[in-house]
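Have a look at the model first, then read on.

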Amino acid sequence: MSPPPRLRFAPSPTGYLHVGGARTALFNWLVARREGGQMLLRIEDTDVERNRPELTDNIVEMIEWLGLRWDGDPVHQSERLDLYTAAADKLLAGGRAYWCDCTPDQVQARAKERGGPPGYDGFCRDRGLERGPTTALRFRSPDDGSTTFDDLVRGTVTFDNAKLEDFVVLRSNGTPTFLLANIVDDADMGITHVVRGEEHVNGTPKYLLIGDALGLGYRPAFAHLPVLVNEQRKKLSKRRDAVSVADFRDRGYLPEAMVNYLATLGWGPPDGVEIRPLVEISELFRLSDVTQSPAFFDVRKLQHFNAEYIRALDVGAFVERARRFFAHADATEAVLRPIASLVQERVRLLTEVEPMVDFLRLESIEGEIDDASWQKGVVKPGERAAAMLDAAVAGLSSCDWEAGAIEAALHGAARSAGFVNSEGQVQMSKAQTSVRVAVTGRMVGPPLYESLVVLGRERTLERLRAARAKL
RNA sequence: GCCCCCAUCGUCCAGUGGCCUAGGACGCCGCCCUUUCAAGGCGGUAACACGGGUUCGAAUCCCGUUGGGGGUGCCA
């Protein structure tokens with residue numbers, strides 16, 4: 001029995017949490033959860049220039065919203081700078097790093113001149129520079145040998161050390177770069193599994209080399225997850241793709257649906273049952289089963305998951321959760337309650353709820369009638385629609401005001417208006433259209449009879465008469 | 001340019017040498033149910049990139065080609 005694993009999700013507060021980051025957090029969480037381990041949260045905020053502290057709040061809030069609770073307090077790299085500078089000193093003292101005063105422009109210019117590969121050429125390696133206001137500390141990469149690591153997802157990966165340029169570990173402003181802080185922290189925090197995006201594969205040998213130079217004797221297990229891509233098969237980007245987790249929340253997605261869907265990107269349950277609780281997924285999940293190819297983030301499939309999760313809610317919870325999306329909270333809730341279960345199975349997003357019952361809340365739908373619906377549902381049927389409206393007014397004026405009686409009344413109205421087939425059966429499907437449009441303003445909506453019960457006799461008749469008058 | 005990686009239906013996932021005339025899910029199409037729309041039921045559409053090997057046998061192993069992606073920062 002191996003000791004419980006320790007994982008970490010290490011976002012950088014340079015952008016909102018997006019679905020790719022959420023998926024990474026999820027996979028970390030699943031492993032920790034399954035094996036009784038821990039998932040720590042580490043905020044990688046060493047770049048003071050790009051950092052936006054307020055984004056840390058967004059990241060933390062979204063992880064919580066998704067239900068991927070981490071263990072312990074979040075670790076902020078900005079509060080641990082001493083650790084990294086101490087490591088840098090050690091590198092320097094051991095001759096494994098040196099100061100360099102080349103500007104990025106100079107590095108690039110030389111590379112261009114050389115005609116060879118871009119990247120740093122080791123210009124300052126043996127210049128014996130002292131630390132200065134414009135010097136950065138570079139790691140002296142080995143000139144030979146190779147660095148190999150095992151990846152739970154991609155197998156054994158090997159890099160030629162000679163291909164690795166001397167990279168910066170300490171910026172001229174004294175702050176550490178990602179690679180240095182990363183391995184120092186992973187080792188210090190006792191991380192056993194480094195689960196992150198595929199974009200980090202190339203940096204892994206550098207990360208490992210720093211660790212070796214530091215004499216850390218640290219070797220975590222790695223799992224580099226395939227990236228999530230857009231329809232152009234490019235890695236999802238915060239700039240060009242609408243992938244902010246907060247936006248999905250605001251568009252009416254349920255966190256359960258979100259994480260469940262994310263779990264099917266790059267991984268699939270052995271029994272093929274995709275929609276299931278996270279705890280169940282965590283029992284089935286294995287990093288070694290993760291796919292190696294990029295996955296397209298398909299919003300339509302996400303919507304299907306969301307609809308399934310909405311339907312699975314009990315009615316009370318459904319209303320409760322839809323409520324935060326209401327512009328007219330109390331009024332909408334009042335008209336929704338009686339037909340909530342009917343609405344519930346008709347929406348894919350929580351944001352669709354209020355618009356679906358707007359006609360019940362509104363005092364009048366004068367001016368709210370959809371023109372295309374009016375043309376198709378009332379004008380086109382012509383005289384029969386007029387007859388139906390008249391008969392409906394008559395029938396609904398005196399019947400009991402409950403769904404069964406309303407149905408009977410409208411059936412009678414349909415018959416008298418001539419909506420009968422050759423066998424003498426009432427064609428309610430066609431007959432109800434004009435009534436529906438007159439009352440709800442649209443061709444589609446929740447079941448009519450139940451809706452009328454909520455609307456009330458007065459407003460129903462009013463709308464029916466108003467529609468009739470326009471013909 | 002160089003480094004790393006990937007390649008099964010439109011999309012996601014199964015498949016780890018014979019059970020594959022390739023399975024499930026989303027989408028799409030049709031039918032049924034039905035007061036609209038959904039939901040549900042039934043059926044259908046649709047893929048192993050290409051070329052060589054290895055083998056009695058390849059979607060599964062190897063090589064190449066093509067295509068795609070990731071990286072190549074004093075970002076992470």
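**Where the RNA meets the protein**

Of the RNA strand B atoms within 4 Å of the protein, 69% are sugar or phosphate atoms, and the rest belong to bases. Keep in mind that this is a predicted model: local features need pLDDT of at least 70, side-chain atom pairs count only at pLDDT 80 or more, and totals for chains, interfaces and linings use all residues. Residues are numbered from 1 along each chain as its sequence is written, chains are lettered from A and ligands numbered from 1 in the order written, and side-chain values use heavy atoms, with hydrogens and water left out.

**The surface around the RNA**

- There are 63 residues around RNA strand B, and R171, R233, K234, Q292 and G445 come nearest; a residue counts as near if one of its heavy atoms lies within 4 Å.
- That surface splits into 22 nonpolar, 19 polar and 22 charged residues, with Asp, Glu, Lys and Arg counted as charged, Ala, Val, Leu, Ile, Met, Phe, Trp, Tyr, Cys and Pro as nonpolar, and the others, Gly among them, as polar.

**Atom pairs with the RNA**

- On the phosphate side, a polar backbone atom of D289 is 3.5 Å from a phosphate oxygen of RNA strand B.
- For the bases, a side-chain N or O atom of R436 is 3.2 Å from a base nitrogen of RNA strand B, and a polar backbone atom of L448 is 3.3 Å from a base oxygen.

**E280**

- The C-alpha atoms of E280 and L30 are 9.9 Å apart, although 250 residues separate them along the chain.

Technical notes. Polar contact = N/O pair within 3.5 Å; in protein donor to acceptor, adjacent residues only side chain to side chain.
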